Amino acid sequence: MTHNLKRTFAMLLLAIFGSTILYNCEPDPDSLGEQLFNDDAAQGNEIAYPVIAYNYDNNDSIRSDAARLISGLSETGAVSTVGVLGAFTESQFGMQRASYVTQLRMPVDNYDFNGANPKVDSVVLVVRPPVNTASNTYFFESDSIKTNTFEKSDFPVDGVATAVSIEKKTYPVRKYGKIGGASKSMKINVHEVTTFLDSNDDKFKRSNAGTSISTGELLGSGVFDGNINSISVTKKSDNSVVFTGNLGFRMKLSNTNFFQTHILDKKGKPELQDASNFIRYFKGIKISVDETDRYLYQFSPNDLQLIMYYKYDKTENGTTTRPQTNLAFNLGGANAHIGLYEYNNAGTPADNAVAASNSSVGDEKLYIQGMGGPSVVMKIQDETIAKLRKLYVENKAGILSAKIRVYVDPLSWKNTNSTEDRRFTILTNPLVSNTIDFSKLAYTSDLSTGLGLYNYNKDKDYYDIVVTKTVKDLVEEAKDADGKLIVNKPLVISAGTFAANATGTLLGVRNTTRAFDMNRIILTGIDKANTNPKRIQLLVTYATKK
């Protein structure tokens, strides 16, 4: 299997929760029909049934606080988080713009700034990409990385002009939206937040919390050209590394007076006494973009850096100097984190379809969008289960496999130069089941060893969602762990995947990547005339004895 094919497969893996979903890629010869396999007398027949599928309105809102921006856990158990910045507009779903709000804290209580008379030199915000892992690469291929090396004779090292060699590597970020040309760059703004972000208040946990959050002074702006950089500075004399700038987008904030008056001039005062006082005094920052039609890209909230460089008086042996040092604010950990998402989708096909959604009959076009956009609900008809039960009882038919086949609609926005993972989460409704065995819902980067509970046919552009165990349990009238009959529940299909730790163990039914998944897709739903060969259908393969 080629590397590219493995990547394609890896992006299309998911875990399907609930006692109604099968854990296996292969047909499961359980108690329903297993007698047909004993003497190899089975002969398969495939029959198609209609499926109810309709659009579900999430009201352009999703929980997007720190508890929902989790992409997984590292080998050390550290939480990996993902946020989104940018904006993108297209004809089917309209405009979606992503901003980000966070609190920040002093590194220690009652910070003394090393000495007297501290004065700001500069303030830098560094936005870093998410962690690069084998299953979710956040950059383009390695041949897109550019390396520039140049020399400088007067680089300051400990206050002395020094000859150095500087290596700068440039990486293009993964983008979802328009690529290149006039769409290459976006203006990123950083504002002071003037609303206390109470992380226990539900209104600060959702993506539409922007209406409740006020901003004050503009702290600075910068132009992001779609690239992030790393820098290494090496002394020419002995090849020692004197400076390393880890991978990220570094933006110099122009409003140094704000930090002088709000931070340095508050030395020894109650505002800096402890974290509780500080987050009520300096309430946070908001990072946003001006534009409405460029692209969306992901970053790591826990790896954000806000660094204030300053000088102070240092007296030794009667001599006073003004050395430079820096203060790095704490933007990770216990701070409030909120992904804010705006929409302008009035009158778009997606908006119209959601408004006219028919849960009884179904919808002809199905719209799925991450970050609070619409989801889709699918349900196997009760009449279908009744027909299959009759076939099972009267003909001794054993169900070999069952899958819901749903096609990608030709109207789906596509851009081969842009990120398109098209990963889904599929949950039963209600979403939580106490019988879920998460240890069995691991997945890997290779479909041959992983959990492929839906498969994507790239040539014909359709998904097969495996529901064999669901159908067999319903037809056989199986019971759950509590002794109750398995009931025919709808399946909720949303953008994203399930978050996992470094070994592939899932983190829980509610830990998905929906809150920062940038993808959108249109699927072909029902066809009232039943003439469209690409309408959504349940395909059941069964066998009877000769």
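I take axes as lines fitted to C-alpha atoms, for helices over the stretch in contact, with angles running from 0 to 180 degrees between N-to-C directions. The model I am reading is predicted, so local features need pLDDT of at least 70 and side-chain atom pairs count only at pLDDT 80 or more, while totals for chains, interfaces and linings use all residues. Residues are numbered from 1 along each chain as its sequence is written, and side-chain values use heavy atoms, with hydrogens and water left out.

**Entry 1: overall make-up**

I looked up the secondary structure and found 6 helices and 28 strands in the protein, where helices (H or I, at least four residues) and strands (E, at least two) are DSSP runs numbered from the N terminus. Of the 546 residues, 51% are buried; buried means under 20% relative accessible area, exposed over 50% and partly exposed in between, with a 1.4 Å probe and protein chains only. I also noted that, of the contacts (heavy atoms within 4.5 Å) with a separation of 6 or more, 81% join residues 24 or more positions apart.

**Entry 2: helix H5**

I followed H5 over residues 382-395, 14 residues that reach 20 Å from first C-alpha to last, close to the 20 Å expected at 1.5 Å a residue; the expected span is 1.5 Å times one less than the number of residues. Thr384, Ile385, Leu388 and Leu391 are the buried residues I noted in H5. Seen down the axis of H5, its buried residues fall within an arc of 120°, so they line one face of the helix, the arc being that of the directions from the helix axis to the C-beta atoms. On the face turned away from the buried side of H5 I found the exposed residues Lys390 and Glu394. The buried residues of H5 pack against strand S1 (44-56), strand S21 (375-380), helix H6 (468-476) and strand S28 (537-543). After H5 comes Lys396, with a positive phi near 55°.

**Entry 3: H5 against H6**

I then checked how the two helices meet: the axes of H5 and H6 come within 9 Å and cross at roughly 70°. H5 and H6 are therefore roughly perpendicular to each other, given that angles under 35 degrees count as roughly parallel, over 145 as roughly antiparallel, 65 to 115 as roughly perpendicular and the rest as oblique. On the H5 side the contact is made by Ile385, Leu388, Arg389 and Tyr392, and on the H6 side by Val471, Leu474, Val475 and Glu476.

I found H6 mostly covered, with 7 of its 9 residues buried, among them Thr468, Lys472 and Asp473. The buried residues of H6 pack against S21, H5, strand S22 (398-407), strand S25 (462-466) and S28. Glu477 follows H6 and has a positive phi near 60°. In the loop between H6 and strand S26 (491-495) I located Val487, which is partly exposed at a relative accessible area of 47%; its C-alpha atom is 8.6 Å from that of Glu477, 10 residues apart along the chain.

**Entry 4: Val233**

Leaving aside neighbours within four places in sequence, I listed the contacts of Val233 as Phe155, Val164, Ser165, Ile166, Ser240, Val241, Val242 and Phe243.
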